[in-house]
Structure formats: C-alpha cells, structure tokens
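Please look over the sequence and the model shown below.

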Amino acid sequence: MGEERFAAGWRVDERCVNCDVARQLAPGLIGEVDGRSVVLRQPRDRTEVRQLNAAAHACPSRSIRPPSGRLAAELDPFPLALDDTVYLCGHNSTHTAGANSYLLRRPGGTVMMVDTPRWSASLATRFEELGPVTDVLLTHRDHAAHGRRYADRFGARLWVHEGDLDAAPDADRVLRGTDPAQIAEGVVAFPLPGHTRGSVLFLADERYCFSGDSFYWSRGTADIEVADSVTWYSIGELAASLARAADRLRFEWLLPGHGDRRHLPADAMAQRLRQLAARTGELRPRPIDFSAMRW
C-alpha cells in the first residue's frame, strides 16, 4: 500500500474552478495552465505525497484526484499547524469562493476561528480537539456562508462588521465604524472597507494578520498585493483604508483568505504594507474580472 501512494496518476479533473488553493499547498507539483490547475509532475517522495494530499483535502471542488480515485481519510492533514498558534482549516468551501480559514489558539487554551471551511459536524469535532472555540470571526460577506452553523455548533460568538451585516444578520457581535476595536486579549479588529463595505482584518498578538480579501502575498510579484480586479465595493475606499491603517498594523504572518501566506520579520512587513498603500492610492476603478487575477 505504501508503494501505491507513489504511483503515477495524480490528476486535476474538470471540476477545477482555478481558486489557487491547491497551488498554495503543493507548489511545484500543481500549477496553472490555461486558466485551471494541472498536475505538473508526480510526487517523488513522501513529503510531496503529503503536499498533494493536503491540496486534495483542501480543494473546494474536490478536483485533485489521487491514483486510486478516492481520498484517504487517514491522510487528511487538517487542521494543519502553520506554527504553534495558527492552524489552517483546509476543506475550503465552494460557498466562500474557496477561501482559506484559520484557527487561532489563545494563551488560555481557547480557540478562535477566522472565516470558515465547508460545514461538517465531523470537522467541527476535529477542530474542538485544539480547545473550546469561543469566537467565529468573519472578515467580510464573501466568507460568511457557514459562520452561523459553526458558531452554533461551538456555542461561540459570531462577529461581522455592520457594513456586511446583511450577510450575517444574526451575528452576535457587530463591529462598527472604522476605528480599531479590541475584541479579546491580544486580538484587535481593524475595519478596512474596500473589498466590501464591511471588510475587516483581525490582528493577533502583533504577529498574525488575518487579512480576508483585503490584501495577500503574491507569488507572481513576491510582494503584498490587493485584488483590484475583484474589489466589489471601492478601490478608492480600500486605498483610504490602507493609508489609515498602514502605520498601525504590525505583524509577521500574513494570512489571507485568497492568495498565498507569508512569514517575514515585522519591519519588512511594515515597509511592504506602506508601499502597498501608496501603490493602491494610484489605482482606479475597473470592472470585476476574475480571469485577471494572477496569484
């Protein structure tokens, strides 16, 4: 059975929606060709097999197929530790445009969920093994689909900004305005209208920035970027938000909903964020165009 894991035959089927999730988890093994993900080559060792299994279990359309044709539950790596505090949930949902979601462990042993994976009671049980989940933090409307179900399952508070309240009208906590708000010890919400009217990023311990869809790490430019071709509300508002927040945000980990994650020294992140704010200020509105996105 062990040798079978290395057999050729990993593929991406026709359901691929080109969300980039698999390419983040299996770089060099899965790439983009003609607007969809493809397997660039077969795995050569156990590490690469693990990467492909992570990609397959995260893929929202279940398009990444192993040689056997069936995913092996025992090879599901999620929640996947990024360090000793933050975990990637995996199991991305088609109802959140395939967005990444995260679990944030707190010093007292509790956990916060930032955005949500696909809904599954068994996944909820697995996540609770890290500790009691006290809060589900929604960065914006696009990622709200499963928030209430997870919050109810955990007995947790559901958070959203008033600008996107219609996407989660039964939220337990509503953020308002544009001023930062401390929502727990070491956790601050920074309203950042732009991608949507109610976009928020969450900053934890001055180390972790959960940026939603406001900005992300681009493999193509090797820098922090905004997704201006899919800015639903206002690129001008996003530029103003970044200008307002750039000197107040300090973090080492950039953890977006879409696009790559990145860990850099805080000073390097701060410099790149200030430069992003300046570049975004020069952008002008453009039509929504998913095909223009380059991760």
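Predicted model: local features only at pLDDT ≥ 70, side-chain atom pairs only at ≥ 80, totals over all residues.

Me: How many residues of strand β13 are buried?
Reply: Strands (E, at least two residues) and helices (H or I, at least four) are DSSP runs, numbered from the N terminus. Buried means under 20% relative accessible area with a 1.4 Å probe, protein chains only. Strand β13 covers residues 187-191 and is mostly covered, the buried count being four of its five residues.

Me: Which glycine takes a positive phi in the hairpin of β12 and β13?
Reply: Strand β12 (residues 181-184) runs antiparallel to β13, with three bridges between them. Two residues lie between the strands of this hairpin, and the positive phi, near 85°, belongs to glycine 186.

Me: Which strands are at the edges of the open sheet?
Reply: Seven strands form this sheet, in the order β5-β6-β7-β8-β9-β10-β11, with mixed pairing. Each edge strand pairs on one side only, and the two are β5 (80-81) and β11 (173-175).

Me: Where do the side chains of strand β18 point, and are they buried or exposed?
Reply: In a regular strand the side chains alternate between the two faces of the sheet. In β18 (residues 253-256), Trp253 and Leu255 point one way and Leu254 and Pro256 the other way. As to covering, all of these residues are buried.

Me: Which residue of β18 is the bridge partner of cysteine 209?
Reply: Strand β15 (residues 208-212) runs parallel to β18, joined by four bridges. β18 also pairs with strand β19 (residues 262-263) in the antiparallel sense over two bridges. The bridge partner of cysteine 209 in β18 is leucine 254.

Me: How many nonpolar residues are in the lining of the largest pocket?
Reply: Ala, Val, Leu, Ile, Met, Phe, Trp, Tyr, Cys and Pro count as nonpolar, Asp, Glu, Lys and Arg as charged, and the others, Gly among them, as polar. The lining of the largest pocket holds eight polar residues and five charged, and the nonpolar ones number 12.

Note on methods. Residues numbered from 1 in each chain as written. Heavy atoms only, no water. Buried < 20%, exposed > 50% of the residue type's maximum accessible area, 1.4 Å probe, protein only. Pairing = 2+ DSSP bridges.
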